[in-house]
Structure formats: C-alpha cells, structure tokens
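Try each task before reading its solution.

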Amino acid sequence: MPEQAVYTHGHHASVVNSHARRTAANSAAFLLPHIKPHYRILDVGCGPGSITIDLAQLVPQGSVVGIDAVEAVLAQARDLARARGIEEGGNLTFQQHDANELPFSDGEFDVVFCHQVLHHVHSPVSILKEMRRVARKGGFVAAREVDYGAVAWYPELPGVQAWEDVHMQIFKANGAQPRAGRYVKAWAKEAGFDAGDITFSWDSWNYEGAQAVTWAESWAERSLRSSYATTALAKGFATQEELEDVSDTWREWGDYEGAFIVIPNGEILCRVR
C-alpha cells in the first residue's frame, strides 16, 4: 500500500539544505564497520543523497541505490553527486520508489539502510519488513531515527519550547511517530527479527558553536517557509505571529554564547537470517 502519512518536513530549500549536511560519518557511523568494498547497498529515503554518495565511495567494487518518493529531491541528489565528481550509472544510481513497495527481488542487497525515515511514515514495521525482504541472508538491515521527545537545548528560551510543542503536534497530525528513536528496536522485533539479531545503540547530534548557529538559521527560515509553517497554520497549531516569534527566538538562540542542542537518535543493526 502506498505511503499514507504526510512527510512532516516537506522539501523547501531550507529543509533539503539542512539534510544535505548529513554524512555517513555523522549519521551512519554505527553501520560503517560492517560495510565491505563489494557490498550492494540500498539507501531507503535517501533525500538529497549526501549519505548515499558517501556510502558509494565505500563500495568501489559494489553498488549503491538511493531511493526516495520525491523526484525533485532525487534531482538534487544527482546534482550533488556530479558536484562531487561522481556520475550516476557507475556504482551509484538514484530511483523514485515508495518504501512500502520496493521493486527489488528478495535478497538483492547486502545492506538495506534508512536514515530518518521511519519517524515520518504510517507503518514503520511494514517498511522494515520490506527492507528485510530485499536484504540477503547474512546481510544487514540498519536504521537510525530521531527521538524528538528527548531533545535537549540551552538556553531554554520559551520560543524554542513553543517550536517543539508545535513540531510534536504536526507529527501526530501527519500520522507519524516523533519519538521513533525509542521504538526502533521494538519495531524491528515486530518486523520479524529475533532479539539476538538486533544490535541497538543510542547516538546523538550535538550542535554547538558554528553548528548551533547553522541549526538556528535553518530553523529560523523553516519556521516560516517550510511545511512546518504551512501545516501549523492550516491545522491551527500556531498563528503567523506565533511562528514569527519562533523564528525570531531561533535567531536569538543562535546568537547566545554557549548555545547547544542535543538531538538523540536510536539505531538498529539487524542481521538477516
């Protein structure tokens, strides 16, 4: 069945640019030691492709397929690959597909990976089952998901809490789970993995200094121009004035000496049997 949930973040340039700063090193470190140069990797929900491209460089004798439901963001992934000197069609391809209905054969990949996908979808267990189906026996299914219910920040300005409150309402209205990080291990069990074949870990992005400023500038714009804003207004979760206050607060927060935000992520590495 095609995806039923609404993608909370949307694809405004402020969102895509933020996601394009992710790398395999800062977003898939738990998986990297298990990758071999000849592996075939599927990156589910690859977005602008920054992690996907990194993975392709780790498998020179293998291949990587990055899939996403939105063609426009795949075009940006192809542009990024070219900017990094990688032409699509070698060991890297991008394809438009729905993660609920993967058009691949059983056991086609050595590693099937998704990053920040399961907290946006209606049925994360169904997607994990599909990921398990297309991974070979002895291979891996891996996922890393944020837990917005455990985010911590300093300084604790009221407008940042207002941002978080609206964010959680939007996720729920869209049929998604914003606390996915704490659920991923349970979801993996529901998807058919034995407990002994699931390695669970907990990692975080810790943005301070220049990274905190970049985060603040991104959300100052996203609070007014992305799907966060349009959904908040359409659902009555915030007024335009309140969104402007949130945006102004992020700019104030980014100027604060010592500002930081810690964003925790639950990670699963599942062996396929």
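**Exercise 1.** Find the buried residues of helix α5 in this predicted model, then say what covers them.

Solution. 
- Step 1. Locate the helix: α5 spans residues 124-134.
- Step 2. Pick out the buried positions: P124, V125, I127, L128, E130, M131 and V134.
- Step 3. Look at what lies over them. The cover includes four strands, β1 (40-44), β4 (109-115), β5 (135-146) and β8 (260-271). Helix α7 (184-190) is also part of the cover.

**Exercise 2.** Decide whether L92 is buried or exposed, and list its contacts beyond four places in sequence.

Solution. 
- Step 1. Check accessibility. L92 has 0% relative accessibility. Buried means under 20%, so L92 counts as buried.
- Step 2. Set aside neighbours within four places in sequence. L92 then contacts T52, I53, A56, V64, A81 and I86.
- Step 3. Compare sequence and space for one pair. C46 is 46 residues from L92 in sequence, and their C-alpha atoms are 12 Å apart.

**Exercise 3.** Describe the surroundings of S27: is it buried or exposed, and what does it touch?

Solution. 
- Step 1. Check accessibility. The relative accessible area of S27 is 0%, so this residue is buried.
- Step 2. Look for a polar partner. The side chains of S27 and N26 form a polar contact of 2.6 Å.
- Step 3. Leave out residues up to four places away in sequence. S27 touches R22, I51, F113, H115, R144 and W205.

Methods
Residues are numbered from 1 along each chain as its sequence is written. This is a predicted model: local features need pLDDT of at least 70, side-chain atom pairs count only at pLDDT 80 or more; totals for chains, interfaces and linings use all residues. Side-chain values use heavy atoms; hydrogens and water are left out. Buried means under 20% relative accessible area, exposed over 50%, partly exposed in between (1.4 Å probe, protein chains only). Contact means heavy atoms within 4.5 Å. A polar contact is a pair of N or O atoms within 3.5 Å; within protein, one must be able to donate a hydrogen and the other to accept it, and residues adjacent in sequence count only if both atoms are side-chain atoms. Helices (H or I, at least four residues) and strands (E, at least two) are DSSP runs, numbered from the N terminus.
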